[in-house]
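Work through the exercises below with the sequence and the 3D view open. Each task is followed by a solution in steps.

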Amino acid sequence: MKRGRREHRRTGRGGNFKYLLYLSSGVLAVVIITFIVTFISYNNRLRDTTDNLLALERITGTISNDFNEIGLRTEEASFDLGRSISEALNSMENSLNEENINTHTDVAEVGIPVSAVPEPEPEIVLEFIRPVEGEVVRHFAMDHLIFSPTLQEWITHPGVDVRAPRTTVVVAAEAGIVSAIKNDPRYGLTIIIEHANGYRTVYSNLLTTEFVSEGEKVTRGQSLGTVGNSAAFEILDEPQLHFEILRDGVHVDPKLYINFN
């Protein structure tokens, strides 16, 4: 009886030991499997990371190469553009130099030195004098109206009227060329003289024009004719000279050029 109990106790102890042994083996197997799975997963992640890094490096290298190539192309284009502009400027400069050389050569061929090419003549200074002595009885009036006793109306007046005795000698106010001698329907017997710088003087209401002829060159103060009253527009006035000054075809006030006081 006692022996059976001892054997039972031995058998119970052996069963517990085997149970613990199996349990430890199972835990160890789980740990080993977990380690293996973790190692495999980590290794895969490490491989993916390495592949990504390599791919990123290749992409970076490609982009860098592309930028370097673009930079080289830009530098080459800039160099070519600068060279083209420089060549164009040099070509223009050479053309201008050739034209200057040809111009100088042409002048030399005809025997005219460059220094002898004529320069524009300076403007001639004109000094107008009174064409006749006397009192101004009608003034210049192109921007307002004055009354005409002959016409009995208000009119403009393109010159000045200088009262003087009949047959008083009228002289040229400045040197020039007699361009016309005519009988004007409004202002009677008239002499027109062309001067330098676009000036023109008109002498009207004359009695005679016997001292000059058309096309004649006259000097300042040279006799032209005599005072009369041949102007239809001023027939009721006393004998007087109707005198005008024009510059480039426009009437100007004679008192701006001559002192009639």
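**Exercise 1. The cavity**

How many cavities of 30 Å³ or more does the count come to?

Solution. Begin with the source. The model is predicted, so local features need pLDDT of at least 70, side-chain atom pairs count only at pLDDT 80 or more, and totals for chains, interfaces and linings use all residues. Residues are numbered from 1 along each chain as its sequence is written, and side-chain values use heavy atoms, with hydrogens and water left out.

Step 1. Grid points are joined across faces, edges and corners, and a volume is the space filled by probe spheres set on the points.

Step 2. By this rule there is one cavity of 30 Å³ or more. The largest cavity holds about 50 Å³ of space.

Step 3. Lining residues have an atom within 4 Å of a point. For the largest cavity these are Arg138, Ser148, Ile155, His157, Tyr187, Phe233, Glu234 and Asp237.

Step 4. Sort the lining by class: Ala, Val, Leu, Ile, Met, Phe, Trp, Tyr, Cys and Pro are nonpolar, Asp, Glu, Lys and Arg are charged, and the others, Gly among them, are polar. The lining of the largest cavity has three nonpolar, two polar and three charged residues.

**Exercise 2. The chain**

Describe the order of helices and strands and the burial of the chain.

Solution. Step 1. Helices (H or I, at least four residues) and strands (E, at least two) are DSSP runs, numbered from the N terminus. The chain has one helix and 12 strands, in the order α-β-β-β-β-β-β-β-β-β-β-β-β.

Step 1. A residue is buried under 20% relative accessible area, exposed over 50% and partly exposed in between (1.4 Å probe, protein chains only). Of the 261 residues in the chain, 25% are buried.

Step 2. Contact means heavy atoms within 4.5 Å. Among contacts in the chain with a separation of 6 or more, 62% join residues 24 or more positions apart.

**Exercise 3. Aromatic pairs**

How many aromatic pairs does a search of the whole structure find?

Solution. Step 1. Rings of Phe, Tyr and Trp (its six-membered ring) pair if their centres lie within 6.5 Å; planes under 30 degrees apart are stacked, over 60 edge-to-face and the rest tilted. The search finds six pairs.

Step 1. Take Phe147 and Trp154: their ring centres are 5.5 Å apart and their planes meet at 65°, so the pair is edge-to-face. Phe147 is partly exposed at 36% relative accessible area, while Trp154 is exposed at 56%.

Step 2. Take Tyr187 and Phe233: with centres 5.9 Å apart and planes at 65°, this pair is edge-to-face. Tyr187 sits in the loop between strand 6 (176–184) and strand 7 (188–194), and Phe233 in the loop between strand 10 (223–227) and strand 11 (240–247), so the pair links distant parts of the chain, 46 residues apart. Tyr187 is buried at 10% relative accessibility, and Phe233 is partly exposed at 30%.

Step 3. Ring pairs also join Phe128, Tyr199 and Tyr257 into a cluster.

**Exercise 4. The largest pocket**

Which residues line the largest pocket?

Solution. Step 1. A pocket is an open set of points with protein on both sides within 12 Å along at least five of seven lines. The largest pocket holds about 170 Å³ of space.

Step 1. Its lining consists of Lys182, Asp184, Arg186, Tyr187, Thr190, Ile192, Arg200, Val202, Ser204, Glu244, Leu246 and His251. Strand 6, strand 7, strand 8 (199–208) and strand 11 are the elements that give two or more residues. The largest share, three residues, comes from strand 8.

Step 2. By class, the lining of the largest pocket has four nonpolar, three polar and five charged residues.

Note on methods. On a 1 Å grid over the protein atoms alone, a cavity is a set of points where a 1.4 Å probe fits but cannot get out, and a pocket is an open set with protein on both sides within 12 Å along at least five of seven lines; lining residues have an atom within 4 Å of a point.
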